[in-house]
Amino acid sequence: MLSIKYIIQNKKNVVKALKAKNVNFNLDELITLDDKRKALILDVEKIKSQRNILNKKILNLKKNDKDTTHLINDMKKYSIYIKDIDSELNLIIADIENKLLYIPNIIHPTVPVGSEDKNEIVREWGNKPEFDFEIKGHKELCEINSLVDFKRGINMSGTGFPLFIKDGAKLERSLINYMLDTHVNNSYVELFPPFLVSSNSPRTTGNLPKFKDDMYYIDKDDLYCIPTAEVPVTNIHYNENLIENELPKKYVAYSACFRREAGSYGKDTKGLLRLHQFNKVELVKFVEPSKSYDELELLLNDAENILQSLNLHYRIITLASEDLSFSAAKCYDIEVWSPYENKYLE
């Protein structure tokens with residue numbers, strides 16, 4: 001979340017980011033609200049100062065056994081004024097903090113401006129596989145080889161919740177372990193985070209409040225199912241001060257991920273595409289701001305090494321501004337070629 005101070009000092013960049021990400025937000029209204037906050041703080045400090053002066057007078061009069069009734073009445077009036085202003089001030093502060101949650105991160109200068117069709121291909125690796133026979137889709141292969149039982153998964157939970165079985169379950173577990181072991185050997189610290197989090201965690205990562213409809217929520221316990229391990233791992237140092245010479249801190253974490261996919265109507269959701277529950281190994285770094293984009297490139301390379309070791313043809317995409325997530329300043333997608341679908345999949 002951008003601070004109100006940063007927004008005021010960098011208004012042009014924030015306005016540019018709002019336009020680039022196609023976000024409709026009244027920035028002037030927010031700044032006017034903050035001006036009102038500052039004015040109320042000045043007012044209440046003046047009244048508190050007057051009350052302190054009055055309080056000293058009352059104490060002096062009492063020492064000399066003089067009547068202080070009228071001054072005490074004035075003190076009560078000051079206290080009422082202060083209480084009223086503080087109440088108004090708290091409402092304004094809450095309103096400002098809520099509005100700040102709807103302002104996206106500014107974008108890096110290298111990010112192409114526009115919608116999805118402005119996404120730029122950075123590079124490709126490997127060659128598209130060719131076959132001299134008719135290939136089958138992953139859904140059919142899963143059924144033929146008893147890798148995923150889609151029907152029983154639907155009976156258990158509904159569509160979008162796959163039941164991996166036999167070699168399918170072993171393959172899923174093996175890939176997760178392979179990724180974790182690879183990244184741990186590359187100096188990442190392994191974590192196994194909770195899959196349920198309080199509202200503070202997804203608010204920190206920008207998932208709340210804007211993307212609440214895409215998340216599963218447990219009302220009775222006020223907990224959210226995580227959409228990715230990024231949510232709990234990003235909060236591992238919440239309210240902590242990190243020592244600069246101990247950075248970067250590199251974490252790798254496996255988690256099940258839960259997404260309602262509220263906006264997936266009309267999109268391809270067959271088989272293992274656009275699931276409500278899936279498994280993911282996440283990489284997260286805490287770095288010095290001045291080195292963050294260099295560290296992003298290194299993190300991208302770490303992710304690419306997995307695909308190269310599996311000899312999978314892929315491409316790297318720089319996402320355009322409107323395709324960026326709410327909290328992202330820059331983002332790469334790694335898209336792997338799917339021969340049966342005849343397209344790249346994220």
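A residue is called buried here when its relative accessible area is under 20%, and because Glu288 has a relative accessible area of 16%, Glu288 is buried. The model to which this value belongs is a predicted one. Glu288 takes part in a salt bridge with Lys291, in which the closest N and O atoms are 3.3 Å apart, and Lys291, at 42% relative accessibility, counts as partly exposed.

At the level of the whole chain, ten helices and ten strands are present. The radius of gyration of the chain is 27 Å, well over the 20 Å that the globule rule gives for 346 residues, so the chain is more spread out than a compact globule. Along its principal axes, the C-alpha trace spans about 105 × 45 × 45 Å. Among contacts between residues at least 6 apart in sequence, 70% join residues that are at least 24 apart.

Strand E6, which comprises residues 249-258, is mostly covered, as ten of its ten residues are buried. In a regular strand the side chains alternate between the two faces of the sheet. Both faces of E6 are covered, with Lys249, Tyr251, Ala253, Ser255 and Cys257 buried on one side, and Lys250, Val252, Tyr254, Ala256 and Phe258 buried on the other. Strand E6 pairs in the parallel sense with strand E2 (residues 189-191) over three bridges, and in this pairing Glu190 stands opposite Val252 of E6. With strand E7 (residues 277-286), by contrast, E6 runs antiparallel, the two being joined by ten bridges; here Lys250 has Lys285 of E7 as its bridge partner.

The loop between E6 and E7 contains Lys270, whereas Glu341 is found in the loop between strand E9 (332-338) and strand E10 (343-345). The side chains of Glu341 and Lys270 meet in a salt bridge, with an N to O distance of 3.9 Å, so the pair ties together parts that are 71 residues apart in sequence. Within this pair, Glu341 is buried, with a relative accessible area of 16%, and Lys270 is partly exposed at 37% relative accessibility.

In total, the structure holds 15 salt bridges. One of them is formed by the side chains of Glu88 and Lys36, at 3.5 Å from N to O; Glu88 lies in helix H4 (residues 69-100) and Lys36 in helix H3, so that parts 52 residues apart in sequence are tied together by the pair. Both partners are partly exposed, Glu88 with a relative accessible area of 32% and Lys36 at 42% relative accessibility. A network of salt bridges also links Glu29, Asp95 and Lys99.

Helix H3, spanning residues 27-63, also contains Ser49, which is partly exposed with a relative accessible area of 37%. The C-alpha atoms of Ser49 and Pro112, residues that are 63 apart along the chain, are separated by 53 Å.

Note on methods
Residues are numbered from 1 along each chain as its sequence is written. This is a predicted model: local features need pLDDT of at least 70, side-chain atom pairs count only at pLDDT 80 or more; totals for chains, interfaces and linings use all residues. Side-chain values use heavy atoms; hydrogens and water are left out. Buried means under 20% relative accessible area, exposed over 50%, partly exposed in between (1.4 Å probe, protein chains only). Helices (H or I, at least four residues) and strands (E, at least two) are DSSP runs, numbered from the N terminus. Two strands pair if DSSP finds at least two bridges between them. The radius of gyration is taken over C-alpha atoms; the globule rule is 2.2 Å times the number of residues to the power 0.38. Contact means heavy atoms within 4.5 Å. A salt bridge is a side-chain nitrogen of Lys or Arg within 4 Å of a carboxyl oxygen of Asp or Glu.
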